[in-house]
Amino acid sequence: MNRNTFMSIVRSFAEERDVAKIETAYLLAKKIHKGQVRKAEIGPDGLALRYFEHPRRAALSVIEEAGITSTAVIAGTLLHDCVEDTYEVDLITSLIHQVFG
């Protein structure tokens, strides 16, 4: 699933200001996890799955399986591993706090 598909799902229930917050969380999580892979999980291309697939799939499960459409919950799900998976803990924590409260 790519960003456009994910965001189309979000647009089906969220107001535009909430769409923007969720997309910001999506892009931030993707940037923070860039270059990281899940060694225990192989993607369809036979390579280790990109780590970002985990928070994206978790957010999709929150939306589709649990029926949760809360912007805070979806953004939090996308960002849930960001602090622990970066060397810039203080910077990322501060950035998340400034953007999302």
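Predicted model: local features only at pLDDT ≥ 70, side-chain atom pairs only at ≥ 80, totals over all residues.
At what angle do H2 and H5 pack, and how far apart are their axes? Residues are numbered from 1 along each chain as its sequence is written, and side-chain values use heavy atoms, with hydrogens and water left out.

To return to the question, H2 and H5 pack at an angle of about 170 degrees, with their axes 11 Å apart. Axes here are lines fitted to C-alpha atoms, for helices over the stretch in contact, and angles run from 0 to 180 degrees between N-to-C directions. H2 and H5 are therefore roughly antiparallel, a term for angles over 145 degrees, whereas angles under 35 count as roughly parallel, 65 to 115 as roughly perpendicular and the rest as oblique. On the H2 side, Lys21, Thr24, Ala25, Leu28 and Ile32 meet Ile92, Leu95, Ile96, Val99 and Phe100 of H5. These residues divide into 8 nonpolar, 1 polar and 1 charged, where Ala, Val, Leu, Ile, Met, Phe, Trp, Tyr, Cys and Pro count as nonpolar, Asp, Glu, Lys and Arg as charged, and the others, Gly among them, as polar.

How confident is the predictor, on its scale from 0 to 100 for each residue, which is called pLDDT? The protein chain averages a pLDDT of 89, and 97% of the residues score at least 70. Helices (H or I, at least four residues) and strands (E, at least two) are DSSP runs, numbered from the N terminus.

The axes of H1 and helix H3 (residues 53-64) come within 11 Å and cross at roughly 25 degrees, which makes H1 roughly parallel to H3. Arg3, Phe6, Ile9 and Val10 of H1 make the contact with Arg56, Ala59, Leu60, Ile63 and Glu64 of H3, contact meaning heavy atoms within 4.5 Å.

Finally, let us look at two single residues. Glutamate 23, in helix H2 (residues 16-32), counts as buried because its relative accessibility is 18%; buried means under 20% relative accessible area, exposed over 50% and partly exposed in between, with a 1.4 Å probe and protein chains only. Histidine 33 lies in the loop between H2 and strand S1 (37-42), and at 3% relative accessibility histidine 33 is also counted as buried.
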